[in-house]
Amino acid sequence: MNIFGKGFILGFATAVGTAAGCFYAFKKNVVDPIEEKEAMIDEHKKRAVRKRHAAQQG
């Protein structure tokens, strides 16, 4: 394999690795906290519904 081919493959692999790292960092820093917040809100809504029904029982 000549120098151009090796450089092309190395450059392509580096670009793909960099893009994958960027997507992973974006998911960890932006998407996961939003999903955790939504799950917490859903849990609070469920708890409020249970309290409301319990208060009407007695």
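Modeller: Let me start at alanine 39, which is partly exposed because its relative accessible area is 45%, a value between the limits for buried (under 20%) and exposed (over 50%), with a 1.4 Å probe and protein chains only. This is a predicted model, in which local features need pLDDT of at least 70 and side-chain atom pairs count only at pLDDT 80 or more, while totals for chains, interfaces and linings use all residues. Residues are numbered from 1 along each chain as its sequence is written, and side-chain values use heavy atoms, leaving out hydrogens and water.

Alanine 39 sits in helix α1, which covers residues 3-57. The protein has one helix and zero strands; helices are DSSP runs of H or I with at least four residues, strands are E runs of at least two, and both are numbered from the N terminus.

Glu35, Glu36, Glu38 and Asp42 form a negatively charged patch on the surface. Such a patch takes residues with over 30% relative accessible area and no salt bridge, joining like charges within 9 Å and nonpolar side chains (Val, Leu, Ile, Met, Phe, Trp, Tyr) within 5 Å. Lys and Arg count as positive, Asp and Glu as negative, while His and the chain ends are not counted; each charge is placed at NZ of Lys, CZ of Arg, CG of Asp or CD of Glu. Glutamate 35 itself belongs to helix α1 and, at 46% relative accessible area, is partly exposed.

Next come the salt bridges, meaning a side-chain nitrogen of Lys or Arg within 4 Å of a carboxyl oxygen of Asp or Glu. The structure has three of them. Lys27, Lys28 and Asp32 are joined in a salt-bridge network. Lysine 28 and aspartate 32 are about one helical turn apart, because four residues of helix α1 separate them. Aspartate 32 is buried, with 15% relative accessibility, whereas lysine 27 at 41% and lysine 28 at 44% are partly exposed. Further along, glutamate 43 pairs with arginine 50, their closest N and O atoms lying 3.9 Å apart; glutamate 43 is partly exposed at 35%.

Phenylalanine 4 is 35 residues from alanine 39 in sequence and 50 Å away in space, C-alpha to C-alpha. Phenylalanine 4 belongs to a nonpolar surface patch of about 740 Å², together with Met1, Phe8, Ile9, Phe12 and Val16. Valine 16 is also in helix α1 and is partly exposed at 43%.

Finally, the whole molecule. Its C-alpha atoms fill a box of roughly 85 × 15 × 5 Å along the principal axes. Of the 58 residues, 3% count as buried. The accessible surface is about 5400 Å², with 67% belonging to carbon and sulfur atoms, by the Shrake-Rupley method with a 1.4 Å probe, where for residues only the protein chains shown count as cover. As for charge overall, the mean positions of the 10 positive and 6 negative charges lie 3 Å apart.
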